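This report describes a predicted model, beginning with the surroundings of its ligand and then turning to its sheet.

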Amino acid sequence: MTFSPYDRPVRAAFVGLGRIYDLNMRAYVDNPDVEVVALVDPSEERRAERQSDWPAARTFATVAELASSGLEVDAVEALLPIPLHVEGVIELLGNGWHVNLQKPLCNDLASASRMLDAARANDRQLRVMENYVFYEPLVKLKEVVESGEIGEVGGYHLKMVASGLGGWEVPGSSYEWQFKQIREGRGILVFDDGWHKLSTALWLFGPVREVRAWIGGTEVMPGIAIDAPSTIVWEHESGIRGVWDITLAPDMYLRSDYYTNDERWEVTGRRGYARVNRCTGRGIQQPSLDVYADGEMRSYHALDDDWASSFRDSGRHWLRYLHTGQGPLLWSGEEAVSVLRFALAAYASSAAGGTGVDPASLQ
Ligand SMILES: NC(=O)c1ccc[n+]([C@@H]2O[C@H](COP(=O)([O-])OP(=O)(O)OC[C@H]3O[C@@H](n4cnc5c(N)ncnc54)[C@H](O)[C@@H]3O)[C@@H](O)[C@H]2O)c1
């Protein structure tokens, strides 16, 4: 695909003005790389609410209305419910717009091919936004690991606890599409939020050659099971192994400005370890990154550990890319397919009783 950066600010539209808009929009505020020209959402209430952020933008109830309005748009911030990603993104690309899509890309490889084909056919960029790889404590963790400070890496551990109490309000309408995803076997912890954890694994240590998983479920209301307890282990092509445990704590209160997700990443090397203590929520309230080596603990006290900043920085990266051509995309459509394969390999392994599955072998 050919891509020529714009020699002027990018004209952008937000499509989907729900919960996560509150964080994604931060990349667009006071950003000379972009001009927000349109807001699209079928909800009149949402449109009115978000219009106050961008008084000069025009509002539309549908993408079709925007497309036929004659308004010039270069790129779209696609914040659609997951079940609308495939057809929604194909429509956006078909209108000749670059797309920054929220994760997960989609539920299966056939749909992913259709989306990537649409990007190629329209010669447009499809990016799947990954905010975690812009979270400063994780960026610093990667730097520490690559510096050799903790020695050669032996393995690492991701932990995730979904707690039931605390955090911000999630609209009831979001649960409707989340439950649809659950019924299709794409759970909120392993697949939706889990997408980020799998992304960080690929970003930290490269391609994965084998995945083994035991995905469980806990019924939280009749017919609706949350996908925990779950344990997923994998081996990278480098031989480094990772393990990720997911636990549900429905009665645990967690302080958070966002979702109530207690998360950790801990990499162990021959000489020491480096651990990111939290991300979305404020579970462990000590410096967000600790590094232990040679009998000494060093803690990072001044990192920007507000989860929202990772959305701001990921979005800014995309807009800078469109304006200047400075990449890489983090993530491109192809890279997002690797994350999808990783998740699908976990499902295939779990269904087969925990046997090893090579993500590349999936059809
Ligand atoms: N990066 C992260 O950590 C993170 C966190 C939460 C959500 N997300 C992702 O963001 C996306 C949106 O999630 P959310 O929590 O904001 O959902 P939400 O339900 O709060 O908002 C979705 C919005 O889309 C609107 N909408 C529905 N159909 C539409 C259409 N055809 N055209 C335009 N707008 C339409 C709805 O009216 C609603 O306002 C999902 O892909 C989700 O996975 C990512």
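## Ligand shell

The ligand is surrounded by 28 residues, of which R19, I20, D41, H85 and S174 are the closest. Sorted by class, this shell comprises 16 nonpolar, seven polar and five charged residues, and at least two of its residues come from each of the helices α7 (172–183), α8 (188–205) and α9 (307–324).

S174, one of the closest residues, places a polar side-chain atom 2.9 Å from an oxygen atom of the ligand. An oxygen atom of the ligand also lies 3.0 Å from an N or O atom in the side chain of H196, while for N131 a side-chain N or O atom is 3.0 Å from a nitrogen atom of the ligand. On its own the ligand has 850 Å² of accessible area, and the protein covers 86% of this.

## The sheet and its packing helix

Six strands form an open sheet in the order β3-β2-β1-β4-β5-β6, and their pairing is parallel. The edges are formed by β3 (58–60) and β6 (126–128), each of which pairs on one side only. On average, and with direction ignored, neighbouring strands of this sheet are turned by 25 degrees against each other.

Within the sheet, the parallel strands β4 (residues 75–78) and β5 (residues 98–101) are joined by four bridges, and A78 has L101 in β5 as its bridge partner. Helix α4 (residues 85–94) packs on the sheet, where it touches β1 (10–15), β4, β5 and β6, and its direction makes about 155 degrees with that of β5.

Key:
Residues are numbered from 1 along each chain as its sequence is written. This is a predicted model: local features need pLDDT of at least 70, side-chain atom pairs count only at pLDDT 80 or more; totals for chains, interfaces and linings use all residues. Side-chain values use heavy atoms; hydrogens and water are left out. Two strands pair if DSSP finds at least two bridges between them. Axes are lines fitted to C-alpha atoms, for helices over the stretch in contact, and angles run from 0 to 180 degrees between N-to-C directions. Contact means heavy atoms within 4.5 Å. A residue is near a molecule or strand if one of its heavy atoms lies within 4 Å of it. A polar contact is a pair of N or O atoms within 3.5 Å; within protein, one must be able to donate a hydrogen and the other to accept it, and residues adjacent in sequence count only if both atoms are side-chain atoms. Accessible areas come from the Shrake-Rupley method with a 1.4 Å probe; for residues, only the protein chains shown count as cover. Ala, Val, Leu, Ile, Met, Phe, Trp, Tyr, Cys and Pro count as nonpolar, Asp, Glu, Lys and Arg as charged, and the others, Gly among them, as polar.
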